[in-house]
2 protein chains.
Amino acid sequence: MMARTERLQLAGLPVLVQVSEDPKALLLVLHGLKGSKEHILTLLPGYAERGFLLLAFDAPRHGERQGPPPSAKSPRYVEEVYRVALGFKEEALRVAEEAQRRFGLPLFLAGGSLGAFVAHLLLAEGFRPQAVLAFIGSGFPMKLPQGQVVEDPEVLALYEAPPATRGEAYGRVPLLHLHGTKDLLVPLARMEKTLEALSPHYPEGRLARFVEEGAGHTITPLMARVGLAFLEAWLAP
Amino acid sequence: MMARTERLQLAGLPVLVQVSEDPKALLLVLHGLKGSKEHILTLLPGYAERGFLLLAFDAPRHGERQGPPPSAKSPRYVEEVYRVALGFKEEALRVAEEAQRRFGLPLFLAGGSLGAFVAHLLLAEGFRPQAVLAFIGSGFPMKLPQGQVVEDPEVLALYEAPPATRGEAYGRVPLLHLHGTKDLLVPLARMEKTLEALSPHYPEGRLARFVEEGAGHTITPLMARVGLAFLEAWLAP
């Protein structure tokens, strides 16, 4: 039972669909900075075979869309990164809605790095997937490097009220964070701070973390396996 | 494909075997203080169906063996607990050896609470399963409550050189710890200290933890699922 990949158009965007026989649920997958829909799907082997229909599309300024992605050399790098995140979030809402209408299946969500932050944004705004995987990311925006200019009010708002501080809005949606101890881009402490902030708003058994010793800023095969096991716990029996 | 449970005798001990069709590997499961072979097997649903032949037997002074288990009221409670652990460890070695001879399959190991400590003892003594699950336990003996008498030299040795401090002896055997943030019996910090001690002796991707927010001293269904996903990563393809 091999998975096959197809292209389709949802909410006006090109979307990759990876599907096997008889899918039971949708999994919308959001890639990270400098990633692409093609790349993130290669990191989640076995999901389609276990009943998930995977959907991925390129973030603004990424993949086959007009680029380039924000450059760290820009004095507005941080602002540009979070403009991408905010745009990605709006598109994710539209793609998710159209996908659910089209396929009539429950929806799950996964994000890697900046995509994980976007998943937090979605939860903080009341989006309600069945469960969420947040790979190598956090629910706080990155620390502002010196000399960065941030003027955009929507980006400033992310710093004033990061999604992870709005846990009451998450609606107890099951959430698993997956992280490496040697992540130099998103330090483990940022992920742990995220769970600490959310924990008071969650009942037992719906919020968890998987931490892999020695792993860097990368979605490892072990993280992918554990993520799949977590999602399966929230598939209707 | 239902799993069936059978009884057999291994190394002179009654052993419960849970098996489905065509097992690919053995999983020896060590229960905790006041537990039993029957109870621990109920906490690992789905393992047999995914190719593990589960084996469990009662620790000394537990289950159908002559009891009772150590009582917390005894001034030698801690000593008695670790005498049980040391006996359990020796028996586990013999049962594992005989099981591998009988079934000719690779062996995995799982332990809950005191059983997880026994798993650490086994690793520190050079036992080499394919991978290990340590549920709600640690590689350090419990803190000594006031007034406890410990004279047994083997038990004293566990305090002088806890297994987790002998990480070089673990042979990089893949190890996943699973724990709840509200565990009052084995505090999360003890588990984290265990991984901190072992981490220098492990390469990337073989040592990890799963932490469930709000879970107490109990092997939850989510821990069981995640544990199974970890073991599957180390099954020969």
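## Salt bridges between the chains

Two salt bridges link chain A and chain B; the term means a side-chain nitrogen of Lys or Arg within 4 Å of a carboxyl oxygen of Asp or Glu. A:E213 pairs with B:R209 in a salt bridge, with the closest N and O atoms 3.2 Å apart.

This is a predicted model, where local features need pLDDT of at least 70, side-chain atom pairs count only at pLDDT 80 or more, and totals for chains, interfaces and linings use all residues. Side-chain values use heavy atoms, with hydrogens and water left out, residues are numbered from 1 along each chain as its sequence is written, and chains are lettered from A and ligands numbered from 1 in the order in which they are written.

## The interface

Polar contacts join ten residue pairs between chain A and chain B, both residues at pLDDT 80 or more. A polar contact is a pair of N or O atoms within 3.5 Å; within protein, one must be able to donate a hydrogen and the other to accept it, and residues adjacent in sequence count only if both atoms are side-chain atoms. On chain A, the side that touches chain B draws at least two residues from each of α5 (188-198), β8 (207-212) and α6 (221-233). Helices (H or I, at least four residues) and strands (E, at least two) are DSSP runs, numbered from the N terminus. The largest share, seven residues, comes from α6(A). By type, this side of chain A has 13 nonpolar, four polar and eight charged residues. Here Ala, Val, Leu, Ile, Met, Phe, Trp, Tyr, Cys and Pro count as nonpolar, Asp, Glu, Lys and Arg as charged, and the others, Gly among them, as polar.

Contact (heavy atoms within 4.5 Å) involves 25 residues from chain A and 26 residues from chain B. The two chains bury about 2200 Å² between them, 54% of it on carbon and sulfur atoms. A:R209, A:E213 and A:R225 supply 30% of the area that chain A buries against chain B, more than any other three residues. Buried area is the accessible area (1.4 Å probe) that two parts lose on being put together, summed over both.

## Strand pairing

β8(A) and β8 of chain B (residues 207-212) run antiparallel, joined by five bridges. Two strands pair if DSSP finds at least two bridges between them. A:V211 stands opposite B:R209 in β8(B).

Within chain B, seven bridges join β1 (residues 4-10) to β2 (residues 13-19), again antiparallel. B:Q9 faces B:P14 in β2(B). These two strands form a hairpin with two residues between them, and B:A11 in the turn has a positive phi of about 50°.

## Backbone details

A:A11 has a positive phi of about 55° although it is not a glycine. A:A11 sits in the loop between β1 (4-10) and β2 (13-19) of chain A.

A cis peptide bond joins A:G67 and A:P68, with omega about -5°. A:P68 lies in the loop between β4 and α2 (77-103) of chain A. In chain B, the peptide bond from B:G67 to B:P68 is cis, with omega near -5°. B:P68 lies in the loop between β4 (52-57) and α2 (77-103) of chain B.
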